[in-house]
Amino acid sequence: MVQVETQHEATLITLRPNCSASWQSNRRILAGVLALNCLFASGFVAMGAWLVLPFMGLELVLLWYLLRKVFGKLQLQQIVHLDGASLLIESGYFYPERRWCWPRQTCSVLVTVLPHPWDPLRISLSHQGEEVALGRFLNKEDCSTLLAELKRLGLPVRQFSTEARLQA
């Protein structure tokens with residue numbers, strides 16, 4: 001997901017992975033699985049097969065762990081802040097873990113076109129040999145939106161291809 005906000009002379013571009021479910025939705029899924037497990041567990045316990053209870057509990061703990069891990073990975077966020085003189089990139093999961101601040105005049109956008117038509121563009125911001133990849137988690141349409149926005153903001157674009165042909 002690409003979100004662009006313009007305030008006075010500064011532009012803020014926020015990049016996030018597409019996340020279809022909130023943590024509340026995940027909790028509802030866990031509650032549904034718990035209710036279904038309790039229904040089946042009561043039948044097994046009534047027949048005297050109480051040993052299924054630890055396994056049903058283990059299943060819930062494993063499901064909670066996996067949902068939490070995937071949801072945590074989907075909280076990655078990259079913020080690109082452009083003003084008249086500088087370019088600031090912040091990247092992190094729940095708070096900015098990495099930060100780059102460069103002068104805007106010496107920055108450029110590097111675009112790598114991949115050979116398969118379904119592959120998204122690989123977009124990076126570059127400054128004197130240092131390169132920061134942007135939006136590796138974005139789909140093809142979001143990458144095109146990001147590239148169009150960076151072009152609109154006046155950053156020079158260099159395009160590369162893994163094959164001998166380039167796209168415009």
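User: Is Ser126 buried or exposed?
Analyst: Ser126 counts as buried because its relative accessibility is 11%; buried means under 20% relative accessible area, exposed over 50%, partly exposed in between (1.4 Å probe, protein chains only). This is a predicted model, in which local features need pLDDT of at least 70, side-chain atom pairs count only at pLDDT 80 or more, and totals for chains, interfaces and linings use all residues. Residues are numbered from 1 along each chain as its sequence is written, and side-chain values use heavy atoms, with hydrogens and water left out.

User: What is Ser126 in contact with, leaving aside neighbours within four places in sequence?
Analyst: Its partners are Trp102, Thr106, Cys107, Ser108, Leu110 and Glu131, where contact means heavy atoms within 4.5 Å.

User: And which element holds Ser126?
Analyst: Ser126 is found in strand 7; strands (E, at least two residues) and helices (H or I, at least four) are DSSP runs, numbered from the N terminus.

User: How many bridges join strand 7 to strand 8?
Analyst: Five bridges join strand 7 (residues 122–127) to strand 8 (residues 130–134), and the two run antiparallel. Strands pair if DSSP finds at least two bridges between them. His127 stands opposite Glu130 in strand 8. Two residues lie between the strands of this hairpin, and Gln128 takes a positive phi near 45 degrees.

User: Changing topic, what is the strand order in the open sheet?
Analyst: Five strands are arranged as 1-2-3-4-5, with antiparallel pairing. The edge strands, strand 1 (2–7) and strand 5 (98–103), each pair on one side only.

User: Which residue stands opposite Val80 in strand 4?
Analyst: Ile89 does. Six bridges join strand 3 (residues 77–82) to strand 4 (residues 86–92).
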